[in-house]
Structure formats: C-alpha cells, structure tokens
Amino acid sequence: MNITLEGISRLWGGWGILIFSTLTGVVAQLALKHAVSARSLFPSSGKILDAIPALISTWQLWVYGFFAVASLVSWLLVVSQFDLSMAFPVVQSLSYLLIVISSVFLFRETVTLTNMAGLGLLCVGVFLVSQ
C-alpha cells in the first residue's frame with residue numbers, strides 16, 4: 001500500500017489532508033516538548049550556540065523536524081483546497097484540543113474544570129466554523 005499526500009487529500013472529500021496536517025503538527029509539538037523535558041538542552045552559560053551539539057544528538061528533535069516538515073507540506077495542500085478563513089481556525093483549534101488531551105496523558109499536565117469548559121466551547125466553535 002502506497003500512501004501519498006494526494007491520496008490523503010482525496011480522503012473524506014479533502015478533509016483527510018486537513019486532519020493529516022493537524023496530526024503531524026501535534027506530533028511535532030509533542031516531540032519538541034518531550035525533547036526539552038527529557039533533559040536540559042541549554043547549558044548554564046545561556047549561550048544558544050553551546051546547545052547545538054545537544055540539540056543535534058536529541059532524537060526527539062529529529063522527530064520534531066520530520067513531522068514539522070510533513071505538517072508544512074500538508075498545510076500547503078490544505079490552503080490550496082480550503083478557504084483560509086475556515087482551515088486555519090479548524091486546524092489550530094483541533095491542534096489545541098489534541099495537545100491538551102495528549103499533554104495530560106504524556107506529560108501528566110493538569111487540566112482544570114475551566115480548561116475543560118474552554119475545550120468544550122472550542123469544539124462547538126470548530127463545528128460552527130467548519131459549516
């Protein structure tokens with residue numbers, strides 16, 4: 001089975017590429033968070049250039065880079081097929097929702113009742129924008 005971006009973009013009437021772009025962006029952000037949570041990447045000197053060897057040798061940052069590029073390429077397809085005024089809010093809102101849920105399980109972050117109410121409103125807003 002050969003998976004292509006064109007095949008994904010035809011999936012669900014074009015919504016497949018929008019979902020793919022969202023998921024790749026979310027995975028990239030989760031990998032980045034994991035990389036900086038796993039160990040201190042920046043030396044106590046505070047010099048960013050001193051951190052380059054640690055950055056290059058961190059596998060999570062390579063994962064981040066791969067998924068960030070995949071997200072960029074798929075985003076180009078999204079904006080070629082959807083109105084930006086619809087696609088951007090949907091992708092950003094879904095990304096936010098997925099990152100909050102993933103962060104609770106992967107990083108043991110806390111979500112309050114207020115956060116959950118906001119997520120509920122976000123879901124309603126995504127539904128309304130996508131109509």
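**Exercise 1.** Determine which element gives the largest share of the lining of the largest pocket, and describe that lining.

*Solution.* Step 1. The largest share, 6 residues, comes from α5; helices here are DSSP runs (H or I, at least four residues), numbered from the N terminus. The structure is a predicted model, in which local features need pLDDT of at least 70, side-chain atom pairs count only at pLDDT 80 or more, and totals for chains, interfaces and linings use all residues. Residues are numbered from 1 along each chain as its sequence is written, and side-chain values use heavy atoms, without hydrogens and water.

Step 1. A pocket is an open set of points on a 1 Å grid over the protein atoms alone where a 1.4 Å probe fits, with protein on both sides within 12 Å along at least five of seven lines; lining residues have an atom within 4 Å of a point. The lining of the largest pocket has 13 residues, and G25, S71, V91, Q92 and S95 lie nearest its centre. The elements giving two or more residues to this lining are α2 (15-38), α4 (59-81) and α5 (84-107).

Step 2. By class, the lining holds 6 nonpolar, 7 polar and no charged residues.

**Exercise 2.** Carry out the analysis for α4 and α5.

*Solution.* Step 1. These helices pack at an angle of about 140°, with their axes 8 Å apart.

Step 1. W75, V78 and V79 in α4 meet L84, A87, F88 and V91 in α5. This contact has 7 nonpolar, no polar and no charged residues.

Definitions and conventions. Nonpolar A, V, L, I, M, F, W, Y, C, P; charged D, E, K, R; others polar. Axes fitted to C-alpha atoms, helices over the stretch in contact; angles between N-to-C directions. Contact = heavy atoms within 4.5 Å.
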